[in-house]
Structures are given as C-alpha cells and as structure tokens.
Amino acid sequence: MAGKPKLYYFDGRGKMESIRWLLAAAGVEFEEEFLETREQYEKLLQDGSLLFQQVPMVEIDGMKMVQTRAILSYIAAKYHLYGKDLKERALIDMYVGGTDDLMGFILIFPFLSAEDKEKQRAFIVEKATSRYFPAYEKVLKDHGQDFLVGKNFSWADVHLLEAILMVEEKKSDVLTGFPQLQAFKARISSIPTIKKFLQPGSQRKPVPDDKYVETVRRVLCAYDDMKAN
C-alpha cells in the first residue's frame, strides 16, 4: 500500500493550503514536513527534490511533485474531483483559474506593510464583489445544480469555498447580495470531509501571522523563491 502523501512547506497557508484543502476534501490523510530553517530548504535543493528550486513540493505515488497547479491537477484526477469528461474538466480549469486570480491578491497580503495592507484589503473586497463573486453567482444560478460543474462535487467547488472563506476574513459580510454563493458556502461546508477539515484541530492553517512571514523570509531569503510557483 502506498504511503500517505507528504507535503513540504511552511507551517502556514501560502500556496500549499489549496493542496491541503483538496486532499482533505478527497478524504486523504497526509503528512507534513515544515520548513523552519534555511538549511532544510538547501538540503531539498541539494537532493534534487525541487525541480525548479521552489516549494510547494509533495511526495505522492513515488513522485516528488512541484508546481502547485500540476500537484492540484493530479490530486483532482486521482480522486475523481476533475469532472466526468473533457468538457467538464475544461470548465473546472476555467473556474479554478478565476479563483486562483482572486486568491493571488490575498496570498501577498501578509507580506505587505501596514499601510499597504489596508489598501490591499479594500482592493481584495472590491475585486471579489465586482468581478469574481458576480461571475460565480451567475454560474450557479444558470447551472441550476448544487455544484459549479455537472452534478458532482469537484475541485472547482473546493477551490471556490476556500476563496470565499479567505475573502470573508477580510470582510465578514462580503457575501451580502450573493444568495447563490451563500447557499453554496453552506452546502459545500456541510460535505463530511470538508466539515471535518473546517473543525479545530485539523491540518487547515490559520490566517498568516508575523511569525509565518518571518519564517518564510528566513528560509527563502527572498519571497521571489516562493511566489512564482
């Protein structure tokens, strides 16, 4: 029997968090090795584990996978969260891509100055409520199903719920005026594997704090090493 996937990253969200979400949604247990020192990171480099000299890195099915999107695509396909045919997969890719754009505005947030954080917070909420949430509200209304694509739970649903919760951390009532998304959030959050991941004590990471930022900077010596992956 294959061992549990092993995740190599910091003890925080970043680009690994969506991988944690997807594994958890699939009901897959995983292990984590947290990078806390520059030496740990350099050892991974010297071992040839980081193909493009970047994290996240996931050991799964005998592979050492890097590139976040490739890892997520593999997990989604392996655990039947990637649609039933090519058309559904294309839609999932499209919706995940849109959600990624929104998440990108949030991922840089912890690394900003206090002044820039306030500007970015307003920017995140504006983009969410004027561009991304209206799009998904329309998709759900037009589709008329419980999920974004087809009749089954998929990677696109997991990714959107993660993004909704991230934006709500910036403005708690951000879903006001989006009844489809409010119902979607409640529906997806009640799926047993998701509900378990949302409980205290799970491997879901908290909002990034100063300690997380300090660790990332210390290990990578440059945020550029992480943000491109």
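In which loop is Asp-61 found? Asp-61 is found in the loop between strands E3 and E4 (63-66), where helices (H or I, at least four residues) and strands (E, at least two) are DSSP runs numbered from the N terminus.

Before selecting anything further, note that this is a predicted model, in which local features need pLDDT of at least 70 and side-chain atom pairs count only at pLDDT 80 or more, while totals for chains, interfaces and linings use all residues. Residues are numbered from 1 along each chain as its sequence is written, and side-chain values use heavy atoms, with hydrogens and water left out.

Stay with Asp-61 and inspect its backbone: phi is positive, about 55°, although the residue is not a glycine. Then select Val-55 and Pro-56, whose connecting peptide bond is cis, with omega near 15°; Pro-56 sits in the loop between helix H2 (38-46) and strand E3 (57-60). As background, most residues other than glycine have a negative phi, and most peptide bonds are trans.

Next, colour the chain by domain, using bounds that come from an automatic or database domain assignment: domain 1 covers 6-79 + 198-220 and domain 2 covers 86-190. Taken over C-alpha atoms, the centres of domain 1 and domain 2 are 22 Å apart.

Now display the boundary, where 21 residues of domain 1 are in contact (heavy atoms within 4.5 Å) with 19 residues of domain 2. Together the two domains bury about 1,600 Å², of which 66% is on carbon and sulfur atoms; buried area here is the accessible area (1.4 Å probe) that two parts lose on being put together, summed over both. On the domain 1 side, Ser-18, Trp-21 and Arg-69 lose the most area to domain 2, together accounting for 30% of what that side buries.

The elements giving two or more residues to the side of domain 1 that touches domain 2 are helix H1 (17-25), helix H3 (68-78) and helix H9 (210-220).

For another salt bridge, select Asp-11 and Lys-205, whose side chains meet at 3.7 Å, N to O. Asp-11 lies in the loop between strand E1 (6-9) and H1, and Lys-205 in the loop between helix H8 (192-197) and H9, so the pair ties together parts that are 194 residues apart in sequence. A search of the whole structure finds 23 salt bridges.

Residues 3-83 are 36% helix and 20% strand, with end C-alpha atoms 26 Å apart, whereas residues 85-209 are 66% helix and 0% strand, with end C-alpha atoms 41 Å apart.

How values were computed:
Salt bridge = Lys/Arg side-chain N within 4 Å of Asp/Glu carboxyl O.
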